Amino acid sequence: MKHVMLFGLLLAFACGVNARPYYSYDLYGTVTGNAVAANSLADVNVGDEFLIRLNIGGKDSGEHKISFQGVIGGWDIFEQQTNGYYHWGDWSPERFYTTGSHSPLNAPDGNGSTVYPNDIYLTLLGMEQTGTVIIPEDDRLVRDTGELNLNQFRSGGFHFWFFNQGDGSTTSTEEDLYGSITRIMRVPEPGTLLLSALGLVFLLINRQLRYPR
């Protein structure tokens, strides 16, 4: 009986973990430009790889709650809280984009300068042309639940907007660093892995009940 109760508690915990209110994705890509912006940074160069963990919450009042963090070259980005919006129509690609962050953005090291970050944005593009035809939710790039339709993804990237002030200078220049997303991978929900482990636990419990020592 104790084994059955233990299994029930573990199963309830697994279901609770599995029911988290957002979807997680890993965005892989490379820094594509511009060279002037990249040269302003000590640990980021054109061609460097990046990895950004993106969490997308369900749609509420026209927006999705977003958080993301990651590494661009040698720059670690702390978690950013923001909003995301999905848009289609007017003969443009499906667009899913984040707005300005609600969280402080840590600055990368400057290359003989001080970097003052303004903001970092993410953009995902879907179908090349949507026109004014209504897209069924199951076919959209981003569903209302926050789930991405990865078959619909075509391109995307990040845009880091900052100001760079050279050492000894009293003025700064506005710079824009860009990167292109080359691959998106969905992150398995913790409950999925836990449920697999629970299957093994159940088999062990069954074995003990059938063949007690």
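**Strand pairing and overall layout**

Q: How many bridges join strand 1 to strand 2?
A: Nine, in this predicted model. Strand 1 covers residues 22-33 and strand 2 covers residues 49-60. The two run antiparallel.

Q: Which residue is the bridge partner of Leu27 in strand 2?
A: Ile52.

Q: And strand 2 with strand 3, parallel or antiparallel?
A: Antiparallel, over nine bridges. Strand 3 spans residues 63-72.

Q: What stands opposite Asn55 there?
A: Ser67, in strand 3.

Q: How many residues sit between the strands in that hairpin of strand 2 and strand 3?
A: Two. Ser61 in this hairpin takes a positive phi, near 55°.

Q: What holds paired strands together, in general?
A: Strands of a sheet pair through backbone hydrogen bonds.

Q: Moving along. How many bridges join strand 4 to strand 5?
A: Five. Strand 4 is residues 75-89, and its pairing with strand 5 is antiparallel.

Q: Which residue of strand 5 is the bridge partner of Tyr85?
A: Another tyrosine, Tyr97.

Q: Zoom out. What do the strands build, and in which order?
A: A closed barrel of eight strands, in the order 1-2-3-4-5-6-7-8. The pairing is antiparallel. On average, neighbouring strands of this sheet are turned by 35° against each other, direction ignored.

Q: How many helices and strands does the chain have?
A: Three helices and eight strands.

Q: Different topic. Where is Pro104?
A: In the loop between strand 5 and strand 6. Those strands are residues 92-98 and 113-125.

Q: Is Pro104 buried or exposed?
A: Exposed, because its relative accessible area is 71% and the cut-off for exposed is over 50%.

Q: How far apart are Pro104 and Asp119?
A: In sequence, 15 residues. In space, 8.9 Å from C-alpha to C-alpha.

Q: Now the whole chain. What share of the residues counts as buried?
A: 39% of the 213 residues.

Q: What about its accessible surface?
A: That comes to about 11900 Å². Carbon and sulfur atoms account for 55% of that surface.

Q: Last one. Of the contacts between residues at least 6 apart in sequence, what share joins residues at least 24 apart?
A: 63%.

Note on methods: Residues numbered from 1 in each chain as written. Predicted model: local features only at pLDDT ≥ 70, side-chain atom pairs only at ≥ 80, totals over all residues. Heavy atoms only, no water. Pairing = 2+ DSSP bridges. Helix = DSSP H or I, 4+ residues; strand = E, 2+ residues; numbered from the N terminus. Buried < 20%, exposed > 50% of the residue type's maximum accessible area, 1.4 Å probe, protein only. Contact = heavy atoms within 4.5 Å. Areas by Shrake-Rupley, 256 points an atom, 1.4 Å probe, with all protein chains shown as cover. Axes fitted to C-alpha atoms, helices over the stretch in contact; angles between N-to-C directions.
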